[in-house]
Amino acid sequence: MLKPDYIFESSWEVCNKVGGIYTVLSTRAKTLQDEMKDHVIFIGPDCWKENDSPYFREEKSLFAEWQWAAKEQGLRVKVGRWTVPGEPIAILVDFTPYFEKKDEIYTWLWEKYSVDSLHAYGDYDEASMFSYAAALVTESLYNFNVEGGTFDRNTKVIYHANEWMCGLGALYINNKLPQIGTIFTTHATSIGRSIAGNQKPLYDYLFAYNGDQMAGELNMQSKHSIEKQTAWNVDCFTTVSDITAKECVELLDKPVDVVLPNGFDDNFVPKGAQFTKKRKAARQRLLQVANALLGEQLDDDTLIISTSGRYEFRNKGIDVFVEAMNRLLRDRDLKKKVLAFIEVPGWVGEPRTDLQERLQSPLTNYDTPLEVPQLTHWLHNMSHDNVLSMMKYYDMHNRKDENVKVIFLPCYLDGKDGILNMHYYDVVLGNDLCIYPSYYEPWGYTPLEAVAFKVPCITTDLAGFGLWANKEFGHYGEITDGVKVIHRTDYNYSEVADAIKDAVADFSAMDKKQVDACRKKAEALSKKALWSEFIQYYHQAYDIALSKAEERKNK
């Protein structure tokens with residue numbers, strides 16, 4: 001197999017924590033660093049300008065001579081380290097100067113690759129200008145190394161672009177530097193996500209959808225166009241799961257060359273006594289916040305469960321989670337009190353001062369709930385929020401006599417939210433059970449993270465992770481396997497809600513020995529999804545891309 005000497009990898013989420021791709025790249029970084037010390041260079045957007053990024057440490061000594069050359073070429077870059085395990089080299093680029101050239105860039109893109117940028121709106125321009133700037137950085141650094149003698153004709157270089165947002169850069173490299181092998185990973189097709197998000201049945205009709213036609217219908221022409229043309233023109237086209245690979249065939253008319261499942265780096269998981277201490281602290285804090293909000297004294301025997309992720313109400317299955325909790329309220333098989341958190345960033349206004357005041361007196365036992373005892377932070381759109389509206393419709397008001405309490409925590413858990421004040425990874429290990437009943441989920445990091453922290457979870461077979469788990473088990477996962485995988489279709493919402501309700505009730509009846517066995521199984525499954533297991537698929541992709549680049553060189 002051909003192996004790269006250098007990898008340039010671009011993504012909007014390099015040193016920019018906005019979604020799941022950040023987790024993919026930041027957890028994979030250490031494995032690549034161990035293999036290729038400082039020969040992996042991540043390129044991300046400079047969103048911070050004069051301010052310091054919390055995820056990046058500038059080191060002016062790195063590529064110092066090239067930095068001078070780049071400056072003379074008009075490139076505005078910061079070079080340093082991404083502050084994640086492995087601390088890989090990262091280059092942040094200011095892409096704003098290219099907005100004034102965008103018409104010229106889009107014309108070039110149309111003439112060379114027939115990419116339709118005419119219908120662009122929203123984040124299309126911003127993403128494209130970053131992608132263009134990332135390609136210019138790669139071109140500049142590559143040529144500098146060729147001229148300086150570091151790279152020669154035999155140096156094998158990969159350019160890896162993530163998502164449609166980096167497609168323009170991949171096409172630029174493909175055109176200007178044909179000696180570089182190009183890889184494009186779509187983590188979710190833009191049109192597939194849009195079909196699902198617009199309440200259309202995606203799976204039953206996948207074979208019949210025409211991607212180009214649907215892009216026109218859903219006003220997605222430009223994103224779909226760049227994604228499709230990149231998929232068709234790079235050396236190696238990849239995605240993250242078998243379920244998304246089917247989407248690519250049907251909606252982009254292009255089979256993927258390799259599936260690159262998302263792994264995890266368990267350096268994030270505390271060990272031994274530290275784990276026990278953190279789990280205890282997380283449970284204590286979650287119960288403290290709940291008791292202050294609800295005016296109750298829920299104890300450590302309470303079953304703490306949660307769902308989390310992006311606020312895609314249907315796609316992430318937040319709707320079916322609320323439905324299941326509502327049904328659980330009347331379930332006679334439930335053996336414990338349940339405290340359910342919805343940890344999904346909404347249009348958050350500010351932390352509740354009345355809740356903050358109560359939390360400042362942690363030893364006081366309050367016996368009256370606060371107003372709106374379902375919410376930790378005020379929202380800008382209280383009357384139009386989907387979670388609150390659904391809970392109101394079902395009359396879910398966390399009353400004293402109810403055994404299931406649902407609390408909406410509508411902010412990023414970055415340790416500074418004003419109420420919980422803990423990081424997500426420090427919170428997730430405090431759960432007894434995590435539930436992610438996704439309708440549209442190309443992979444699914446949240447269930448993988450949960451099991452890595454020894455928390456059993458419930459997901460569906462419409463999530464790439466759920467399908468993978470079933471494959472590992474050799475059957476549909478049950479809660480006793482550490483992961484319960486529920487069969488989900490376009491139309492069985494009600495059955496999914498019942499299956500979740502029953503699984504939580506069954507779990508509540510388990511004794512400590514059974515729960516410990518579930519937790520061990522969950523952890524064991526997570527070990528099979530470490531990057532050390534999954535990096536082999538990346539090597540296949542590198543080999544395919546480099547083989548095609550070699551063919552071009554030898555022509």
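Leu448, Val451 and Ala452 in helix α15 meet Ala522, Glu523 and Ser526 in helix α18, where contact means heavy atoms within 4.5 Å. By class, this contact has four nonpolar residues, one polar and one charged. Nonpolar here covers Ala, Val, Leu, Ile, Met, Phe, Trp, Tyr, Cys and Pro, charged covers Asp, Glu, Lys and Arg, and the others, Gly among them, are polar.

This is a predicted model, so local features need pLDDT of at least 70, side-chain atom pairs count only at pLDDT 80 or more, and totals for chains, interfaces and linings use all residues. Residues are numbered from 1 along each chain as its sequence is written, and side-chain values use heavy atoms, with hydrogens and water left out.

Back to the helix pair. Helix α15 spans residues 445-452 and helix α18 residues 512-527; their axes come within 7 Å and cross at roughly 120°. The axes are lines fitted to C-alpha atoms, for helices over the stretch in contact, with angles from 0 to 180 degrees between N-to-C directions. Helices are DSSP runs (H or I, at least four residues), as are strands (E, at least two), numbered from the N terminus. α15 and α18 are therefore oblique to each other; the classes are roughly parallel under 35 degrees, roughly antiparallel over 145, roughly perpendicular from 65 to 115, and oblique for the rest. The crossing of α15 past α18 is left-handed, that is, the near helix is turned anticlockwise from the far one by less than a right angle, clockwise being right-handed.

Next, the aromatic pairs. Rings of Phe, Tyr and Trp (its six-membered ring) pair if their centres lie within 6.5 Å; planes under 30 degrees apart are stacked, over 60 edge-to-face, and the rest tilted. The count by this rule comes to 33 aromatic pairs. Trp443 and Trp468 form a tilted one, at 6.3 Å centre to centre and 55° between the planes. Trp443 is in the loop between β15 and α15, and Trp468 is in helix α16 (residues 464-473), 25 residues apart. Trp443 counts as buried because its relative accessibility is 4%; buried means under 20% relative accessible area, exposed over 50%, and partly exposed in between, with a 1.4 Å probe and protein chains only. Trp468 is buried too, at 11%.

Trp443 also pairs with Phe534, edge-to-face, at 6.3 Å centre to centre and 85° between the planes. Phe534 sits in helix α19 (residues 531-554), 91 residues from Trp443, and is buried at 4% relative accessibility. Elsewhere, ring pairs link Tyr22, Phe42, Trp48, Tyr55 and Trp82 into a cluster.

Finally, some loop residues. Gln199 has a positive phi of about 65° although it is not a glycine. Gln199 is in the loop between α6 (190-197) and α7 (211-217), and is exposed at 53%. Asp253, also not a glycine, has a positive phi of about 60°. Asp253 lies between α9 (242-251) and β9 (258-259) and is partly exposed at 40%. Gly418 is in the loop between β14 and α14 (424-428), partly exposed at 22%. Leaving aside neighbours within four places in sequence, Gly418 is in contact with Pro351 and Gln356.
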